[in-house]
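Subject: Structure handover

Hi,

Here is the structure I promised to pass on. Please open it first, then read my notes below.

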Amino acid sequence: MKSEPYYKRKIVLALFLSGLSGFIDILGLFSIGGMFLSFMSGNSTRFAFYLADGHFRQALPYLLIISGFVFGAFLGDQLKSHFPKYKLISILIVETALILTSYTMLHFTFSDEWTHLPLTIAMGLQNAIQIEVGDKIIGRTFFSGVLHSLGASLSQLLQKKASWKSPALDLLIWIVAVSGAFLAGILQPNIPTKTLLGAVSIILLLLILFIIILRSAEKRNFITLR
């Protein structure tokens, strides 16, 4: 049975990933290409709009972004299948590498479509990190899913089929995701996007290092207890 600290760490990680998706989304929307990098519903709607209006050139970048997100999900599933014991670390490592790729491309002034493609692959990849807390799967980039879960949880609470913790967790995840987007919106006009991506990469590298150290310590304690 998992300990209470383990349960809390899962929630903290899920909240971090939610905040990260909101942060990256705003960078794409306002500074890289005017597109969502994790909100594929919005991109799909815009893609359909430009097609219907006959603006095929404007529709093409959205198709590229959507394809990148799908490839990210494919890549995430491949990593989970090939590295089941290290799926979290392997996904975070590849995600960090993709963000660093966008950082490098910005440095060499690539065009918008190609610069933000690694970021949307990273967001698709991130959704492969399924963090289960009770009956919820959290840490994904689907804002609509979180709000739907909040409404369902409130219904369950009203029917006394769930505790207040369920809707509270949904609301907290949404608040953190919006806060990540808000933070990016505040910082982006004053700090270059590539600097923000560099900072995100450093934070992710520190997170990976922390997870490795924590798991090594837990493994040593388990061996000692045995």
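Gln 188 sits in the loop that links H7 to helix H8 (193-225). Helices and strands here are DSSP runs numbered from the N terminus: helices are H or I with at least four residues, strands are E with at least two. Is Gln 188 buried or exposed? Its relative accessibility is 19%, so Gln 188 counts as buried. The cut-offs are under 20% relative accessible area for buried, over 50% for exposed, and partly exposed in between (1.4 Å probe, protein chains only). Leaving out residues up to four places away in sequence, Gln 188 touches Leu 27, Phe 30, Ser 31, Thr 193 and Leu 196. Contact means heavy atoms within 4.5 Å.

A word on the source. This is a predicted model, in which local features need pLDDT of at least 70 and side-chain atom pairs count only at pLDDT 80 or more, while totals for chains, interfaces and linings use all residues. Residues are numbered from 1 along each chain as its sequence is written, and side-chain values use heavy atoms, with hydrogens and water left out.

Now the whole chain. It holds eight helices and two strands. From the N terminus, the order is α-α-α-α-α-β-β-α-α-α. Of the 226 residues, 40% are buried. Take the contacts with a separation of 6 or more: 68% of them join residues 24 or more positions apart.

Next, H6 and H7. Their axes come within 8 Å and cross at roughly 155 degrees. Axes are lines fitted to C-alpha atoms, for helices over the stretch in contact, and angles run from 0 to 180 degrees between N-to-C directions. H6 and H7 are therefore roughly antiparallel. Angles over 145 degrees get that label; under 35 is roughly parallel, 65 to 115 roughly perpendicular, and the rest oblique. The contact of H6 with H7 has twelve nonpolar, three polar and one charged residues. Nonpolar covers Ala, Val, Leu, Ile, Met, Phe, Trp, Tyr, Cys and Pro; charged covers Asp, Glu, Lys and Arg; the others, Gly among them, are polar. On the H6 side, the residues include Phe 143, Leu 150 and Leu 157. On the H7 side, they include Pro 167, Trp 174 and Val 178.

The loop between helix H6 (143-158) and helix H7 (165-187) contains Lys 160. Lys 160 is not a glycine, yet its phi is positive, at about 60 degrees. Its relative accessibility is 77%, so Lys 160 counts as exposed.

Then look at H3. This helix (residues 56-82) has 27 residues. From first C-alpha to last, H3 reaches 38 Å, close to the 39 Å expected at 1.5 Å a residue. The expected span is 1.5 Å times one less than the number of residues. Buried residues in H3 include Tyr 62, Phe 69 and Gly 76. Asp 77 is also found in H3. At 44% relative accessibility, Asp 77 counts as partly exposed. Asp 77 and Ala 128 are 51 residues apart in sequence, but 6.3 Å apart in space, C-alpha to C-alpha.

Last, the partner of H3. Helix H2 (residues 40-52) and H3 have axes that come within 8 Å and cross at roughly 150 degrees. That makes H2 roughly antiparallel to H3. Among the residues that meet are Phe 47 and Tyr 50 in H2, and Tyr 62 and Ile 66 in H3. By class, the contact of H2 with H3 has eleven nonpolar, three polar and one charged residues.

Best wishes
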